[in-house]
Amino acid sequence: MVLARSEVARTLRRGPARATAVRLGLMAVPLAFFALFFAYPVAAIVGRGLKDGGQWQLGRFGAVLGDPDVLHVLWFTLWQAAASTALTLLVALPGAYVFARFDFPGKQLLRAAVAVPFVLPTVVVGAAFLALVGRGGLLDHLWGVRLDTSVWAILLAHVFFNYAVVVRTVGGLWAQLDPRQEEAARVLGAGRFAAWRKVTLPALGPAVAAAALMVFLFTFTSFGVVQILGGPTFSTLEVEVYRQTADFLDLPTAAVLTLIQFAAVLGLLALHAWTVRRRESALRLVDASRTARRPRGRGQWALLWGTLVVIAVLLVLPLAVLVERSFAGPDGYGLVFYRTLRSAASADSTFAVAPLDALWNSLAYGVAATAMALLIGGLAAAALTRSRSRSGPAGRTPMLTRLLRGFDGLLMLPLGVSAVTVGFGFLITLDKPPLDLRSSWWLVPLAQALVGVPFVSRTMLPVLRAVDGRLREAAAVLGASPWQVWREVDLPMVRRALLIAAGFAFAVSLGEFGATVFIARPDQPTLPVAVTRLLGRAGEFNYGQAMALSTILMVVCAGALLALERIRLQPRTGSAGGAPIDHSGEF
């Protein structure tokens, strides 16, 4: 007995050191993946743009920033991101309250439908608003109003795209705030608005800030929406990087703009991480199922119906118009545009295959990218949660803590760093042995996996952190290897989260456009690339085919998200098996 206890004691003493070694080992693969397929291509583009004869030419920053056209792009990028964020908060915060505090028939289905725009490819969003406000669109047909190259079209498309970010992030937290605190303030004499302003609003502040920063990040780096709706008049940093590389081959300007965007994204991600930590550490939450109730009084019913009208007009109408335009053929409604998608002869001359083949290409790319994102993101999430027990991160050194925070931030960079730069970097770096991948089928899934990894890690982290660390310690004491601990302890509890992560990774890989537009071969285009090529050519037939392909892409992405929502709402089988979306209030 004494020997057995001594052995257990020695095992526990070795625990922190062994856990640190395991964590560093888990980080090795994601770090190598990001170094090779993210940092290397981006650094190569920057190096080629800012070096001349092996010498850094930092004076190019002054030359580029002194260009009035570049300053106009910078100003518009900041202005439209700020305006889009403010407008999104104004429209979506009432919806966050409705979903958090009200209980009504069809709530879960509507909640899933609200999230559909977020996973739609940006080219589909652009095509939907083009069908609504552009040439020959609904507003043009009814009232002669065309906003296809108006900043209002861009702002509304950004609200459409980011509405769910605010509803999920703020509403998820709002539903878990104890309403008795506000009720106590009212009992003590505070009015309804004063109680909300002094009690609820400060508690929601970190969540609102986190949501605003994410919306600002997504709109600051907007590409597909601005590319389609902005025309030659409006350009964000991301669009300008694309134009400078694809149209003008001006690498110095593209490199400077990439570094500016990179610095801005780093600042936004640091602020977002701070707001999330502040929210997680400062609040006392309750079960969300106990706070929702049926609306009472005219005011609450008016708020509910107003939210439903906003969802119908802002989110449903553009997609409905997109579907309608895909069936509106030259001779009336029918399937003419869909039938011609099967023929290469009717396609754009830049296509080497029938446009419908882009669907099968996208599905194949998506499956491969999802597998890679699950592997990389799963290892990263496991590294960030390894040895985290109920008592806290025991055994961590300050240096290791800083390393983990830096690693966590690294996982988010592909969401904000120019995908255009990554795609173009793939072309100029992965073209020599042993990484001669420029003509390889795997080049597209590799780029798409970079975007999927943040969603996988963010989806799995809350659930992995909810697993009681003592279970892992007990398994290790009994002689289980790290792989056995993961298989026998973690995997059964996070299986559902893994399915949700796979669905998100698959959906975002289908819609990836910034990098894919550079590296997709003409004979193997993806759906977003095919839609953009068709929209770039004049003629009703090309426009109709673009609407048809966009509708197909929308249906595939929406189907994937609704399947995820069905998985999320299944009865729980364990304490840690809940959905991470509800646990954290974020995507």
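Tutor: A residue is called buried when its relative accessible area is under 20%, exposed when that area is over 50%, and partly exposed in between, with a 1.4 Å probe and protein chains only. This is a predicted model, in which local features need pLDDT of at least 70 and side-chain atom pairs count only at pLDDT 80 or more, while totals for chains, interfaces and linings use all residues. Residues are numbered from 1 along each chain as its sequence is written, and side-chain values use heavy atoms, with hydrogens and water left out.

Rings of Phe, Tyr and Trp (its six-membered ring) pair if their centres lie within 6.5 Å, and planes under 30 degrees apart count as stacked, over 60 as edge-to-face and the rest as tilted. By this rule there are 22 aromatic pairs. One of them joins Phe33 and Phe37, which are tilted at 55° between the planes with 5.3 Å from centre to centre. Both residues belong to helix H1 (residues 2–50), where they stand 4 residues apart, about one turn of the helix; helices here are DSSP runs (H or I, at least four residues), numbered from the N terminus. Phe33 and Phe37 are both buried.

Phe118 and Phe218 make an edge-to-face pair, because their planes meet at 65°, with the ring centres 5.8 Å apart. This pair links distant parts of the chain, since Phe118 is in helix H4 (residues 107–119) and Phe218 is in helix H9 (residues 192–220), 100 residues apart. Phe118 has a relative accessible area of 8% and is therefore buried, and Phe218, at 17%, is buried too. Finally, ring pairs connect Phe33, Phe34, Phe37, Phe38 and Phe426 into a cluster.

Notes. Helix = DSSP H or I, 4+ residues; strand = E, 2+ residues; numbered from the N terminus.
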